[in-house]
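Hello,

Please open the structure below and keep it on screen while you read. My notes follow it.

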Amino acid sequence: MISEEGIPVHIAIIMDGNGRWAKKRALPRIAGHNEGMKTVREITRSASQLGVKVLTLYAFSTENWKRPKLEVDFLMKLPEEFLSTFLPELIEENVRVEMIGDMEQLPDHTKKAVQNAMNRTAENDGLILNFALNYGSRTELVQAVKSIIQDVKEERLAEQDVTDATISRYLMTGHLPEPDLLIRTSGEHRLSNFMLWQLAYTEFFFTDVLWPDFSEKHLLEAIASYQKRSRRFGGLS
Ligand code: FPP
């Protein structure tokens, strides 16, 4: 059972295990990604109903371009497919679609679909469904450092005013609270270049469940585990 008071404000998820889910069924990897997309719908709906404010989903990393072209092409079609089917439902649920990552390098059709969803949901003030798409944390940090240097040079920012809060502000998540809970599925225990700065005080929840099998029940388990933890942020409780 979870308590309504301690719902994490921001949940971030590394959605892993689509390939293994497909392999177990002798299906092509893309079938796993397709099934993973359905999980995105279920988890978005649950998060929204639970009152989570931000749900960040790691959908494609800057390293995922190394995968076979067929798989990359399929992954690049998923946002479009997902949004063409579920955008009306997201609008109905008052969800705001956002994204972090380098949008410029995305194929035009992917860019268009995401941009359209962002525009059409911009006024919504419910759950923020934040897709990390072509996202890499180290690239994000390099860009933030460069922007800070530029702003210091051009005297928009004083060097002595650069604090850790400044760095947070210059990241793509600058307007969002840091994640309270990180979930990674499929039994892997690593961050894979995901929100390295933002996860400094986040509670981690790892599960062996593969992403296509992850359901509301597992989300509630993760939240229940989170609610039992004592967050001290380096201090004493
Ligand atoms: C990792 O599993 C998963 C990905 C690289 C892609 C994640 C994408 C989705 C879940 C669908 C996204 C949906 C939308 C709406 C954008 P893997 O392929 O590395 O699995 P494996 O480790 O078992 O091979």
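Predicted model: local features only at pLDDT ≥ 70, side-chain atom pairs only at ≥ 80, totals over all residues.

Ser 186 sits in the loop that links β5 and β6. Is Ser 186 buried or exposed? Its relative accessibility is 7%, and buried means under 20%, so Ser 186 counts as buried. Leaving aside residues up to four places away in sequence, Ser 186 touches Asp 16, Gly 17, Arg 20, Thr 207, Asp 208, Val 209 and Leu 210.

Met 195 belongs to that β5-β6 loop too. Met 195 is buried, with a relative accessible area of 0%. Look at its backbone as well. Phi of Met 195 is near 45 degrees, which is positive although the residue is not glycine. Most residues other than glycine have a negative phi.

Asn 134 is another case to check. Its phi is positive, near 50 degrees, and again the residue is not glycine. Asn 134 lies in strand β4. With 1% relative accessibility, Asn 134 counts as buried.

**The sheet**

Now step back to the strands. In what order do the six strands stand? They run β3-β4-β2-β1-β5-β6, in an open sheet with parallel pairing. The edges are β3 (96-100) and β6 (203-206). Each has a single partner strand, so one side of each has no neighbour in the sheet. From one strand to the next, the twist averages 20 degrees.

Strands of a sheet pair through backbone hydrogen bonds. Here are the pairs to trace on screen:

- β3 pairs with β4 (residues 128-135) in the parallel sense, over five bridges. Arg 96 has Ile 128 of β4 as its bridge partner.
- β1 pairs with β5, also parallel, over four bridges. Ala 12 stands opposite Leu 182 in β5.
- β5 pairs with β6 in the parallel sense, over four bridges. Leu 181 has Glu 203 of β6 as its bridge partner.

Strand β5 is covered on both faces. Leu 181 and Ile 183 are buried on one side. Leu 182 and Arg 184 are buried on the other.

Helix α7 (residues 216-227) lies across β1, β5 (181-184) and β6. Against β5, helix α7 runs at about 135 degrees.

Ser 230 is in the segment after α7. At 41% relative accessibility, Ser 230 counts as partly exposed. Its C-alpha atom is separated by 36 Å from that of Lys 146, which is 84 residues away along the chain.

**The ligand**

Which residues come nearest to the ligand? There are 17 residues around it, and Met 15, Gly 19, Arg 20, Arg 29 and Arg 67 come nearest.

- Asp 16 has a polar side-chain atom 3.1 Å from a ligand oxygen.
- Asn 18 has a polar backbone atom 3.2 Å from a ligand oxygen.
- Arg 20 has a backbone N or O atom 2.7 Å from a ligand oxygen.

How much of the ligand does the protein bury? Taken alone, the ligand exposes 620 Å², and the protein buries 91% of that.

Best wishes

Methods:
Residues numbered from 1 in each chain as written. Heavy atoms only, no water. Pairing = 2+ DSSP bridges. Helix = DSSP H or I, 4+ residues; strand = E, 2+ residues; numbered from the N terminus. Axes fitted to C-alpha atoms, helices over the stretch in contact; angles between N-to-C directions. Contact = heavy atoms within 4.5 Å. Near = heavy atom within 4 Å. Polar contact = N/O pair within 3.5 Å; in protein donor to acceptor, adjacent residues only side chain to side chain. Areas by Shrake-Rupley, 256 points an atom, 1.4 Å probe, with all protein chains shown as cover. Buried < 20%, exposed > 50% of the residue type's maximum accessible area, 1.4 Å probe, protein only.
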